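Please have the sequence and the structure at hand while reading.

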Amino acid sequence: DGQMVSVKDFSGRFVWADYAAPWCSPCTPQSRTIRSLQKHYADDVVFLTVMTSETPGVDGRPDQETARDWAGKFQLNPAHVVAAQDQYGRVVPAHLLFSPEGHTLYSSTGQLSGKQIREILSRHMRDWNAWSASGELAEWMRD
């Protein structure tokens, strides 16, 4: 709807940001995976899809219509599909997981299966919650 969105808007919840583009062939199955996961993790994780470009290259900056079309095509929450202001041209698909306090916990590029995303979420959410409660660092937190 043209509103700016920030990870800070979802303070207190984990945020999975999925970067996509209409021309990206792996982004189509990736968005279907995101749709199924958002139902499963509705109480714990906000799934954002960031549209990075309308066309390949750096000239195809996405707009609100790009985001609305993508949300409709994959039955994603339209408030959680946004057009990037400064990420266009980014490699897609790409993924970022943010902690409830906005820390980047995970990042990758390339298509991920639902099983892979669930494993990433499970491990990082479990370890983040343990750290929040006890201060104990998980191995991936030491890197």
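## Two helices in contact

The crossing of helices α1 and α3 is right-handed. This description, like the rest of the report, refers to a predicted model. Helix α1 covers residues 27–40 and helix α3 covers residues 114–134. Their axes lie 10 Å apart and form an angle of about 50°. That angle makes α1 oblique to α3, because an angle counts as oblique when it is not roughly parallel, antiparallel or perpendicular.

On the α1 side, the contact is made by Q30, T33, I34 and L37. On the α3 side, G114, I117 and R118 take part. By type, the contact residues divide into 3 nonpolar, 3 polar and 1 charged.

## Aromatic pairs

How many aromatic pairs does the structure hold? There are 4, and two of them are described here.

One of the pairs is W16 with Y106. Their ring centres are 6.0 Å apart and their planes stand at 20°, so this pair is stacked. W16 belongs to strand β1 (residues 14–20) and Y106 to strand β5 (residues 104–109). The pair therefore links distant parts of the chain, 90 residues apart. W16 is buried, at 0% relative accessibility, and Y106 is buried too, at 17%.

Another pair is W128 with W131. Here the centres are 4.8 Å apart and the planes are at 40°, so the pair is tilted. Both residues lie in helix α3, 3 residues or about one turn apart.

Note on methods:
Residues numbered from 1 in each chain as written. Predicted model: local features only at pLDDT ≥ 70, side-chain atom pairs only at ≥ 80, totals over all residues. Heavy atoms only, no water. Axes fitted to C-alpha atoms, helices over the stretch in contact; angles between N-to-C directions. Helix = DSSP H or I, 4+ residues; strand = E, 2+ residues; numbered from the N terminus. Parallel < 35°, antiparallel > 145°, perpendicular 65-115°, else oblique. Left-handed = near helix turned anticlockwise from the far one by under 90°. Contact = heavy atoms within 4.5 Å. Nonpolar A, V, L, I, M, F, W, Y, C, P; charged D, E, K, R; others polar. Phe/Tyr/Trp six-rings, centres within 6.5 Å; stacked < 30°, edge-to-face > 60°. Buried < 20%, exposed > 50% of the residue type's maximum accessible area, 1.4 Å probe, protein only.
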